[in-house]
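Dear colleague,

I am handing over the structure we spoke about, and below it you will find what I noted while going through it. Please read the notes alongside the coordinates.

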Amino acid sequence: MRSAKDFFAPLAVGAPTPPRDIPWRPSRVIHFFDPSNEKMAAKLPGLIPRVDVLLGNLEDGVRADNKIAAREGLVKVAEGNDFGETQFWVRVNSIDSPWGLDDLLTLVPAIGAKLDVIMLPKVQGAEDIHYIDRLLAQLEAKAGLTRPILVHAILETARGVGNVEEICAASPRMQGLSLGPADLAADRRMKTTRVGGGHPGYLVRQDPNPDAPDAVRATFQQDPWHYTLARMVDACVAHGIMPYYGPFGDIADVTACEDQFRNAFLLGAVGAWSLHPVQIDIAKKVFSPEVKDVEWAKKVVDAMGDGTGAVMVNGTMQDDASVKQCRVILDLARRLAA
Ligand code: GLV
Ligand code: MG
């Protein structure tokens, strides 16, 4: 199986070899469902082939008095479905909540062989990953599992962002990180009540025009998640794991959702969450290279021959570095087509 290490190889010139070799599988869209909702569970057979990752959510969004029903519902879903090429993930409750430990103690023995990745919320530092790593090692050994379950952390506290490097490096089980903009906004005391996306108040204003000082000055919205996402992408790449944008809560605003996902894709993220079926095709489209970009990349790679030196393509200078950029796009297109 192709690995995440190979995925980053075109970029990793002179960089230390990442310490791990996690499997690479498409994960442009991580589709969330509530396993306590039987109506939703009944629709899963139609949904599974449409998504790269199906994730049963046990954490926020599931009422406290429904946590056990959700956990039991997830076991039923795992037992009753064939996931084919689709990955099956779970978001457990945080390890300092009343349910996190029982989630792991129940799920690993019952359905560990079907679980590809455990998403752990509210990760603060390497100690959280060490805890789940050791616990999983024991539970896997007891259940006789031969394939390790991977761990994906949500970056959604200020402390977690500060410790992002050590979180990525904390275990060879680390598969990736997602940005959690809602919890992160609350933890940082930001003043947005949205789940991801921009804010009309977070803007810059064009300078005054000295020739028309009273003229209306345009404003431009900024992306409040840019800093964290860029920091997360750097940390993930440095450690050979995958960065993801998280949730976009305004389901009706498909345009803004697509924009937010595209910003993340362009910055290096490999996928995003889908909270509603309408977001599935948005994520799949955005996190796949566009045909015109693939064609351009091919043209540059062909023009560059052995990949060294400099050539002009359509009036633009291309060299050893730009050919690497093009190979990133071609490599992703090839993997997704495989
Ligand atoms: C996701 O969990 C978030 O808090 O945004
Ligand atoms: Mg959260």
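Does Val323 count as buried or exposed, and why? Please keep in mind that this is a predicted model. Val323 has 21 C-beta neighbours inside 10 Å, and because 20 or more are needed for the label, Val323 counts as buried. Val323 belongs to helix H14, which covers residues 320–337, and, leaving aside residues up to four places away in sequence, Val323 is in contact with Val300, Val301, Met304, Gly307 and Gln318. Of these, Val301 is 22 residues from Val323 in sequence, with a C-alpha to C-alpha separation of 5.8 Å.

Turning to the annotated positions, the unreviewed UniProt entry gives the feature "binding site" at Arg91 and Glu156. These positions are spread over 66 residues of sequence yet cluster in space, the largest C-alpha distance being 13.9 Å. Arg91 sits in strand S3 (residues 87–91) and counts as buried, with 25 C-beta neighbours inside 10 Å. Glu156, placed in the loop between strand S5 (150–155) and helix H7 (158–162), is also buried, with 27 other C-beta atoms within 10 Å. Pro121 is among the residues that Arg91 touches, and Pro121 is likewise one of the contacts of Glu156.

As for ligand 1, the residues around it include Pro121, Glu156, Gly180 and Asp183. This shell divides into 6 nonpolar, 2 polar and 3 charged residues, and its largest share, 3 residues, comes from helix H9 (residues 181–187).

With best wishes

Methods
Residues numbered from 1 in each chain as written. Chains lettered and ligands numbered in written order. Predicted model: local features only at pLDDT ≥ 70, side-chain atom pairs only at ≥ 80, totals over all residues. Near = placed C-beta within 6 Å. Helix = DSSP H or I, 4+ residues; strand = E, 2+ residues; numbered from the N terminus. Nonpolar A, V, L, I, M, F, W, Y, C, P; charged D, E, K, R; others polar. Buried ≥ 20, exposed ≤ 12 C-beta atoms within 10 Å, placed from the backbone. Contact = placed C-beta atoms within 7 Å. UniProt positions renumbered as here; feature names shortened; annotations may be inferred.
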